[in-house]
Amino acid sequence: MGIMFYLIAAITLAGALAAMTLKHLVHAALAVTVAFGGLALFFLDLDAQFAGFAQILIYIGAVAILIVFAILLTRGSELPKDGVFSRTWFAGLAIAAGIFAVLGWAVLASAKALPSETATPAVTVHDIGVALMGRYVLPLEIVALLLTAATIGAVIVALHEKERTR
Amino acid sequence: MVEKADQVFVLLQHWLVSFLPAVLQPAAAVLLSVIAIVCVFPGLFALTTVFERKGLGRIQNRLGPNRVGPLGLFQPVADGIKALIKEDIVPLSANTLVHFLAPLSLVVAVFMEFAVLPMGRNMVLADMDAGLLFFFSMSVSTELSVFMAGWSSHNKYSLLGAMRAVAQMISYEIILLLSSVAVVMTAGSLSLVKIVDAQNHYSGVLPNWYIFTPWGLAAFVMYAIAATAETNRSPFDLPEGESELVAGYHTEYSGFKFALFFLGEYLAMFSISGLGTTLFLGGWSAPFSFLTWIPSWIWFFGKVMISIFVFIWMRGTLPRLRQDQLMNFAWKFVLPFTLLDLLVTALWRFMGEGWLRWVVSTVILAGAYVLMGRLAMYKEHFAPRKYRYAE
Amino acid sequence: MLGEGILKGMAETAKNFAGSFVSAERLTTVQYPEQRIPTMENARVFPFLVYDGPEWQAGLRCVACQICEKECPPKCIYIEKSSDKKPDYAGKQQFYPAKFDIDISVCMSCQICVEVCPFEAIKMDTQFELATDDRFGGLLLDRQQLAKSNEYYHSIHPTEAAGVDGRLAEEKAKVEAKAKAAAEAAAAKAAAAAAPAAKPEGGQA
């Protein structure tokens, strides 16, 4: 866990904190994009090239733009009247802490199971492709079906609106 | 001698780096390559601006700029000085931080794209295993910069231009990716160096470039269309439509920031042409086997400049597409054709060598093109206008 | 077939591009200021004063009637009449302008001064390269700057100048004919006055 980990962690946390506390929604969306970039840097630091670049391509290139479009096409660009923190902040904090504890326990338990200081396996894109099409083809096809359903649903929702406005 | 001419830049780099201690040598080598890229491509950009203006002029039966320097070749110097000494106006209600960061992030993302292009034999800055994916990730980061530019100007027309630009870029990004996937399927790797190596063979005199295959030609044409749309060039330059939206998302930028947007657009043109030549035109390999004595980097830059010339030619010829025409074209015509092209590529791979696969692929692709073309024209989507007034 | 139009268009522009290097008449660019398009005869920019003969002060046609000053819409003409007279083209004694200023930064080239001038003295010039960096007097043309010869007028507006010359010659001929008739009548009267004076003298002797 060298210096790079702490640097990238600082960037990601800064982006996430800014996304939580900034008043202007578009600023918050751009800050969450920085957090996405930080996650991509984590992947690249761990030599997972495919995951890192796919993270940038999908999260920054599609999800961030989607968030921004959604903010602009609804009335989200108005500043919130009574600050960013909601009144139920304590319950939110408790739930977030609980989830963090569960995830942390899961990660640490699995890390104890693996012996430390082994060389990370060099996974090439070729291996990922073979695995996706071989061992994990069923989850791949299910995700594809899900995406197709989402696309068709979006088209139908948009189509319906067009008929209503005519 | 031929070897030396081919590797002259690599040898120069090794020689310059040898002056430093061994600890610093890798970093110094990378730094030298970065400096070379940062010097060469903006220089080419300067030349391209003047060649574009003169080329467009001659296409339109007039002379281009010919006052500054011999044949007007110092025009970019004049343009650069003008851009630098202009007052940097930021609108009062603009979001200053985002307004400042937008051109910066655009130029940074575009410069990163050059890191994976193999510009000659052994002349790639970063030989990454997932090089193509890196290129496309940097390409999508430019979309976010475009949006940032349009939104932060606090100007309805800039925002409109930015939304249109982002919508256009997202649609054509998919086509770009899918046409590249056909090449990746055949070459078997996402690494651009390996893709060029796969095309660097000659069957007799003719090269094994992917453009000389039926699926490759179709994919190249669709890649070219998508590349023109990605870089917002005519006929897809509605976002910066000078007659409609003033200057679209970079309306409120003046002086050096505008020059940065301009630089970003032209550099994106260079890098996407570079990727196109790497994927389809064989990168740095010579067109005929008896021409391999000419250095590889000359071939690469020659092909890139020919692509730029075709961009300029298209700009001078075609009228601008309307936003809905552009989107319809992408989603209803080019995207299905891209998917069909993927099927044909797979067929090509699994049919094995021989004349049969040529015939089958050509028949499927040409037949589909003619069919879809007739279908579209039957529904009067692409036919010439028969009515006199708009409906 | 789809895409045919695009290819035809690109062939056309390629022909334009290649042709522009080969044939000179394709390029319609006029490389100003080394080359200039000659102005048409009807071109008009700002007024000037016409003078006949070699000397501008003696031959100036303007008689300071001040009609153009009164008719000018933006009032860019300033005239001061002289106190003495000088003979004009037909020999008649006329006033002349001691001062004739036109402010061409105000002049709107409407040509009304030309239309109302009864003496064909003020006409429209075709020079447009009048830019100057003298903010205060550079665009205020005085009498000497405005006076240009009849030959110059012929060179910029040939048919118009020929027409003007014809009209002036006619006027001059009419005036001379009238003068000759008046002289003949005066001579006849003088002869008639001399004849009865001679007869009584002859009767007395």
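Biologist: How many other C-beta atoms lie within 10 Å of B:Asn61, and how is the residue classed?

Modeller: First, the ground rules: residues are numbered from 1 along each chain as its sequence is written, while chains are lettered from A and ligands numbered from 1 in the order in which they are written. This is a predicted model, in which local features need pLDDT of at least 70, side-chain atom pairs count only at pLDDT 80 or more, and totals for chains, interfaces and linings use all residues. A residue is buried if 20 or more other C-beta atoms, placed from the backbone, lie within 10 Å of its own, exposed if 12 or fewer, and partly exposed in between. B:Asn61 is partly exposed because 16 other C-beta atoms lie within 10 Å.

Biologist: What is the phi of B:Asn61, and where does the residue lie?

Modeller: Most residues other than glycine have a negative phi, and most peptide bonds are trans. B:Asn61 is not a glycine, yet has a positive phi of about 60°. The residue lies in the loop between α3 and α4 of chain B; helices here (H or I, at least four residues) and strands (E, at least two) are DSSP runs, numbered from the N terminus.

Biologist: Which residue of chain C has a positive phi although it is not a glycine?

Modeller: C:Gln66, with a phi of about 70°. C:Gln66 sits in the loop between α2 (56–59) and α3 (67–71) of chain C, and counts as partly exposed because 16 C-beta neighbours are inside 10 Å. The peptide bond from C:Tyr32 to C:Pro33 is cis, with omega near 0°. C:Pro33 belongs to the loop between α1 and β1 (47–51) of chain C.

Biologist: How many residues does α3(B) have, and how far does the helix reach?

Modeller: The expected span of a helix is 1.5 Å times one less than its number of residues. With 35 residues, α3(B) reaches 49 Å from its first C-alpha to its last, close to the 51 Å expected. Among its buried residues are B:Ser33, B:Phe41 and B:Val50. The buried residues pack against α2 (8–17), α4 (75–85), α10 (256–279) and α11 of chain B, and also against α1 (4–22) of chain C.

Biologist: At what angle do α9(B) and α13(B) pack?

Modeller: Axes are lines fitted to C-alpha atoms, for helices over the stretch in contact, and angles run from 0 to 180 degrees between N-to-C directions. Helix α9 (residues 214–230) of chain B packs with α13(B) at about 35°, their axes being 8 Å apart. Two residues are in contact if their C-beta atoms, placed from the backbone, lie within 7 Å. On the α9(B) side the contact uses B:Pro214, B:Trp215 and B:Ala218, and on the α13(B) side B:Trp358, B:Ser361, B:Thr362 and B:Leu365.

Biologist: Is B:Phe337 buried or exposed?

Modeller: Buried, because 21 C-beta neighbours are inside 10 Å. B:Phe337 is in helix α12 (residues 323–351) of chain B. Not counting residues up to four places away in sequence, B:Phe337 touches B:Met222, B:Ala368 and B:Met372.

Biologist: Which chains share the most contacts?

Modeller: Chains A and B, of the two pairs in contact. Here 17 residues of chain B meet 16 residues of chain A. On the chain B side, α6(B) gives the most, with ten residues. That side divides into 13 nonpolar, two polar and two charged residues; Ala, Val, Leu, Ile, Met, Phe, Trp, Tyr, Cys and Pro count as nonpolar, Asp, Glu, Lys and Arg as charged, and the others, Gly among them, as polar.

Biologist: How many residues do chain B and chain C give to their contact?

Modeller: Chain B gives 14 residues and chain C gives 13. From chain B, α13(B) gives the most, with four residues. Chain A and chain C do not touch, and their nearest C-alpha atoms are 28 Å apart.

Biologist: What is the radius of gyration of chain C?

Modeller: Chain C has 29 Å, whereas a compact globule of 205 residues would have one near 17 Å, taken over C-alpha atoms with the globule rule of 2.2 Å times the number of residues to the power 0.38. Its C-alpha atoms fill a box of roughly 125 × 40 × 30 Å along the principal axes. Buried residues make up 18% of the chain.
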